[in-house]
Amino acid sequence: MGRYFQEEIETASREQIQEWQNKGLVATVKNVYDNVPYYKNLMDKKGVKPEDIQSTADLHKLPFLTKDDLREAYPYGLLALPLSDCVRIQSTSGTTGKRVVAFYTHHDIDIWENSCARAIVAAGGTNEDVCHVCYGYGLFTGGPGLNGGSHKVGCLTLPMSSGNTDRQLQFMTDLGSTILCCTPSYAAYLAESIHEKGIQDQIQLKAGIFGAEAWSEEMRHDIEEKLGIKAYDIYGLTEICGPGVSFECEAQEGMHVNEDYFIPEIINPETGEPLPDGEKGELVFTTISKEAFPLIRYRTKDITYITREKCKCGRTHARIHRLMGRTDDMLIIKGVNVFPSQVEEVLINQGMPANYQLIIDRINNSDTMEVRVEMTPEMFSDTVSVIEKKEKEIVSALKSMLGIYAKVKLVEPKSIARSEGKAVRVIDNRKI
């Protein structure tokens with residue numbers, strides 16, 4: 001095993017990685033304290049000075065940063081360099097409050113594209129491949145990140161952006177796309193469209209790099225089977241750089257964090273206390289190479305755990321487990337914690353398509369949850385009694401998984417809106 005874009009870095013000793021991180025952290029803390037008044041204020045409030053930070057062992061002394069801080073400092077309050085040194089912005093797709101805007105220098109874009117190039121090579125990409133990028137372009141980081149990484153690897157890059165599925169499939173077949181980059185929900189939709197058109201024999205895909213939304217292991221296997229590929233997870237967020245913060249290798253046993261650029265931590269989301277490797281909690285990142293928009297102890301709200309054991313692929317950088325939900329999209333229904341990914345796992349195990357919606361409501365002061373899921377065309381032709389029987393089976397499986405009752409409604413094929421970006425899985429009508 002072992003496919004590397006920058007082998008010496010990706011297989012560096014833990015001692016070398018620690019040295020990079022210590023040096024990068026000390027320099028970054030001094031930089032933001034001296035040049036970003038917002039950070040200086042946060043550190044002063046916590047009573048910590050740059051000289052108090054000598055290594056990653058001192059990381060816990062530093063204050064956290066949240067999305068609320070980024071919105072409060074919007075637009076330029078967290079810049080560590082003059083605006084004249086910046087060459088790019090990217091922005092989140094958030095719909096509430098002020099948008100989060102991140103700034104990049106040439107160097108920042110370079111390390112971001114390196115990160116994405118590592119992910120593409122880990123998925124088997126070479127300069128012989130055709131990389132089909134249908135993440136959104138523009139302000140969204142997905143398209144630009146994988147586009148730049150693909151160029152660094154030397155792939156023929158198709159900058160398709162999202163939407164226009166017929167055009168996606170035309171270019172995919174005509175130009176022989178071999179690596180697909182998009183959200184997992186759109187990959188599932190493309191697979192569905194390919195089978196509907198009967199063009200499976202014209203598809204040359206070998207790998208997919210899917211991220212921007214949580215997806216289950218069951219959904220991965222479903223996509224792999226339908227597209228005839230190996231599906232790789234990729235993780236990132238606009239605030240840190242975009243996709244490529246971490247990525248899966250061929251072992252598919254967690255996503256490697258690019259630790260020469262980012263320091264990962266896991267904390268207790270309630271207390272903020274750091275948790276040991278292997279323990280599930282909230283993922284926190286500190287950037288140690290960014291120039292324009294360095295972030296220290298940024299709380300992602302994503303739930304996962306870390307392992308630092310050497311991987312079968314030979315990489316030595318820490319791995320994070322596939323995301324297990326978010327602290328802020330975790331639903332509390334009748335006092336029970338519910339993640340949409342749990343529902344998805346049940347549905348796929350029941351042989352259902354991955355297109356579904358959860359409708360949450362509160363009736364007579366009691367929470368209700370309805371799961372609407374599309375039938376396959378074959379199921380839609382079944383009798384009412386067969387459909388009702390399947391609904392009851394899913395209700396029972398959900399009760400076993402979640403511990404609560406959920407109403408299940410099987411709806412006709414294609415009646416739930418398809419998403420080419422992040423799928424809208426939850427509609428919460430409760431006034432809470």
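**Entry 1: cores.** I kept in mind that this is a predicted model. I looked up the largest nonpolar core and found 75 residues in it. Leu-62, Leu-65, Leu-78, Tyr-235 and Leu-295 touch the most other members. Helix H5, residues 106-122, gives the most to this core, with 9 residues. Another core lies apart from it and has 26 residues, including Leu-169 and Ile-223.

**Entry 2: Leu-78.** I then checked what Leu-78 touches, leaving out residues up to four places away in sequence. Among its contacts are Val-36, Tyr-38, Leu-65, Ala-292 and Phe-293.

**Entry 3: H8 and H9.** I looked at how helix H8 (residues 184-197) packs on helix H9 (residues 217-227): the angle is about 30° and the axes are 10 Å apart. I noted the crossing as left-handed. On the H8 side I found Pro-184, Ala-188 and Ile-194 among the contact residues, and on the H9 side Met-219 and Ile-223 are included. The contact residues divide into 8 nonpolar, 2 polar and 1 charged.

**Entry 4: salt bridges.** I found 31 salt bridges in the structure. Which one did I follow up? I picked Glu-248 with Arg-220, at 2.8 Å from N to O. Glu-248 sits in strand S8 and Arg-220 in helix H9, so the pair ties together parts 28 residues apart in sequence. Both Glu-248 and Arg-220 are buried.

I also checked Asp-428 with Arg-430, whose closest N and O atoms are 2.8 Å apart. Asp-428 is partly exposed at 33%, while Arg-430 is buried at 8%. Last, I noted a network in which shared partners join Glu-217, Arg-220, Asp-233, Glu-248 and Arg-322.

Note on methods. Residues are numbered from 1 along each chain as its sequence is written. This is a predicted model: local features need pLDDT of at least 70, side-chain atom pairs count only at pLDDT 80 or more; totals for chains, interfaces and linings use all residues. Side-chain values use heavy atoms; hydrogens and water are left out. A nonpolar core is a set of buried Ala, Val, Leu, Ile, Met, Phe, Trp, Tyr and Cys residues joined through side-chain atoms within 4.5 Å. Buried means under 20% relative accessible area, exposed over 50%, partly exposed in between (1.4 Å probe, protein chains only). Helices (H or I, at least four residues) and strands (E, at least two) are DSSP runs, numbered from the N terminus. Contact means heavy atoms within 4.5 Å. Axes are lines fitted to C-alpha atoms, for helices over the stretch in contact, and angles run from 0 to 180 degrees between N-to-C directions. A crossing is left-handed if the near helix is turned anticlockwise from the far one by less than a right angle, and right-handed if clockwise. Ala, Val, Leu, Ile, Met, Phe, Trp, Tyr, Cys and Pro count as nonpolar, Asp, Glu, Lys and Arg as charged, and the others, Gly among them, as polar. A salt bridge is a side-chain nitrogen of Lys or Arg within 4 Å of a carboxyl oxygen of Asp or Glu.
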